[in-house]
Amino acid sequence: MELLRDSTPMVSLAVSVAALYARAVSSRLRPGIPRLTALLPVAAFLAAAPLAFSSSATIRGVAAFFLAWLGVFKVALLAVGLGPLDPALPVLPFLFIAALPVKLVTRGGGGGTRPAGEAAAASERRAPAFLVSCAAKVAVMAALLHAYRFKERLPLYARLAMYGVHMYCFFDLLLPCIAAAACALGMEAEPQFDRPYLASSLRDFWGRRWNLVVPAVLRPSVYGPVRARAGRAAGVLAAFLVSGLMHEVLVCYLTLRPPTGEMAAFFLIHGACCVVEGWCAARGWPPAPPRTVATLFVVAFVAATAFWLFFAPINRDGGEEVLLEEWTAVAAFVGDAGRKLFR
């Protein structure tokens, strides 16, 4: 692990080697115990790899999301012949899916990724909107980083609201950039965010608008098997429980502190509310409110529960200061680079 310490290129190379090994093993072993046994070292490595980034909580947390959560789940699904990873995929798409939070668009009715020409055409059609969206999010993040200088004067809830917007902008900037890189290499990735601030219900927010690579992994690994045995409500609760537990794990990577249970409680509350929401919708009671009212209620509920449970374990015991220092350093680096570039 010392060879990988705080080295993004070395960690990326090691993850690529592990993914190529997983592809080679899976092409020779049928799904089941033999393949699972052969893939266990890959899962263990992906779980340990984020700890190589000892000097940056932000990079460690992002790597944990990419590798220790999504990567390990994808490898587990590969072991049983499910999920996005398939040994029949070409090498480059297999590496992208294994190491990054992407879901590649497939040809209708069959396996394989969309042809490179179609992916390039689709990318060109979306390029203007993509650039405008990225510019807007960069501007918002820059404004937030400037506002953080005065955080001592801001009430707690104002700061938490700013962190929520910052987190959304960061991931909705990072993940589309990864998708754009995939398109540049002849692949097309599905969007991972779809304007979550317009969600009309919690089910709409979590299932169709927010960080869609997560439900894409949880559906075959948790929701589907539990639903087949215990029904839809149990499947929903199980998926939210696993998501909560994995967020507990992510906080451990991010803060290097033991779990508190607050993340699990946050997601269990939302899972239970989604179950109740689905039960009411199926019976048409109470009558659905106007779309604007429903959206405001969803945003308020997500914000209130996040302020209460989601941000607390991250910001506790100096975590807030550590993350703000890292983002301030990033802003200073980008500012210096920009001034040198346009001097």
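**A walk along the chain**

Start by selecting residues 61-82: this stretch is 86% helix and 0% strand, with 26 Å between its end C-alpha atoms. Helices here are DSSP runs of H or I with at least four residues, strands are E runs of at least two, and both are numbered from the N terminus. What you have open is a predicted model, where local features need pLDDT of at least 70, side-chain atom pairs count only at pLDDT 80 or more, and totals for chains, interfaces and linings use all residues. Residues are numbered from 1 along each chain as its sequence is written, and side-chain values use heavy atoms, leaving out hydrogens and water.

Now colour the spans that UniProt, in an unreviewed entry, lists as "transmembrane region"; among them are 61-82, 233-256 and 293-314. UniProt positions follow the numbering used here, feature names are shortened, and annotations may be inferred rather than shown by experiment. Select 233-256 next: the span is 96% helix and 0% strand, and its end C-alpha atoms are 34 Å apart.

Next, two backbone stops. Go to Asp 6, in the segment before α1 (8-28). Its phi is near 55°, positive in a residue other than glycine. Then jump to Asn 211, in the loop between α7 (202-209) and α8 (213-230); it is not a glycine either, yet its phi is positive, about 45°.

Is each of these buried or exposed? Asp 6 is partly exposed, because its relative accessibility is 37%, while Asn 211 is buried at 13%. The cut-offs are under 20% relative accessible area for buried, over 50% for exposed and in between for partly exposed, using a 1.4 Å probe and protein chains only.

Finish at Pro 286, in the loop between α10 (262-283) and α11 (291-310). A cis peptide bond links Trp 285 to Pro 286, with omega about -5°.
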